[in-house]
Amino acid sequence: MLRSILAVLFGYAVFAVSGVALFQLTGIDPHGAIAPAYMAGFVVYGIAFALLGGYLGGWSAGRRPFVHGAAVAALLATGASASLVSTWKAG
């Protein structure tokens, strides 16, 4: 059970650390307005690292990789939904 939890958290961390690194390296404010070309590139980058995080979370679990990958996806979707709801009125 502990290995499953750690595997899912590891998959999430891969995504989260990559996002922090992207904004730190580019110097772009993650909550500010950005050009559409940057936005498209950042979305593709985020999707790639979400997939990588799900894959690595499933792989590191050692068993039932699809279930663990889906748990990483659910955790990412929950965080994204909460972020969307909290900034809905801001535009």
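A pocket, as used in these legends, is an open set of grid points where a 1.4 Å probe fits, with protein on both sides within 12 Å along at least five of seven lines.

**Figure 1. The largest pocket of the predicted model.** The volume of the largest pocket comes to about 1,200 Å³. Its lining is made up of 31 residues, and F15, F23, P30, H31 and S83 are the ones that sit nearest the centre. Helix 1 (2-26), helix 2 (36-61) and helix 3 (65-86) are the elements that each give two or more residues to this lining. Helix 1 is the top contributor, with 9 residues. Sort the lining of the largest pocket by type and you get 20 nonpolar residues, 10 polar and 1 charged.

**Figure 2. The whole fold, for orientation.** The protein has 3 helices and 0 strands, so its pattern along the sequence reads α-α-α. Along the principal axes, the C-alpha atoms fill a box of roughly 40 × 25 × 15 Å.

**Figure 3. Helix 1 against helix 2.** The axes of these two helices come within 8 Å and cross at roughly 155°. Angles over 145 degrees count as roughly antiparallel, and that is why helix 1 is described as roughly antiparallel to helix 2. The crossing of the pair is right-handed. On the helix 1 side, the contact is made by R3, A7, F10, G11, V14, F15, S18, L22, F23 and T26. Helix 2 answers with F42, Y45, G46, F49, A50, L52, G53, L56, G57, S60 and A61. By type, the residues of this contact divide into 13 nonpolar, 7 polar and 1 charged.

**Figure 4. Helix 1 against helix 3.** Here the axes come within 9 Å and cross at roughly 50°, so helix 1 and helix 3 are oblique to each other. Helix 1 passes helix 3 in a right-handed crossing. From helix 1, the residues involved are S4, V8, G11, Y12 and F15, and they meet H68, A71, V72, L75 and L76 in helix 3. The contact of helix 1 with helix 3 has 7 nonpolar residues, 3 polar and no charged.

**Figure 5. Helix 2 against helix 3.** What is the angle at which the axes of helix 2 and helix 3 cross? The answer is roughly 140°, with the axes coming within 7 Å. That makes helix 2 oblique to helix 3. Helix 2 passes helix 3 in a right-handed crossing. Helix 2 brings A50, G53, G54, G57, G58, W59 and A61 to the contact, while helix 3 brings P65, H68, G69, V72 and L76. The split by type for the contact of helix 2 with helix 3 is 6 nonpolar, 6 polar and no charged.

Terms used: Residues numbered from 1 in each chain as written. Predicted model: local features only at pLDDT ≥ 70, side-chain atom pairs only at ≥ 80, totals over all residues. Heavy atoms only, no water. 1 Å grid on protein atoms, 1.4 Å probe; cavity = no way out; pocket = protein on both sides within 12 Å on 5 of 7 lines; lining within 4 Å. Points joined across faces, edges and corners; volume = space filled by probe spheres on them. Helix = DSSP H or I, 4+ residues; strand = E, 2+ residues; numbered from the N terminus. Nonpolar A, V, L, I, M, F, W, Y, C, P; charged D, E, K, R; others polar. Axes fitted to C-alpha atoms, helices over the stretch in contact; angles between N-to-C directions. Parallel < 35°, antiparallel > 145°, perpendicular 65-115°, else oblique. Left-handed = near helix turned anticlockwise from the far one by under 90°. Contact = heavy atoms within 4.5 Å.
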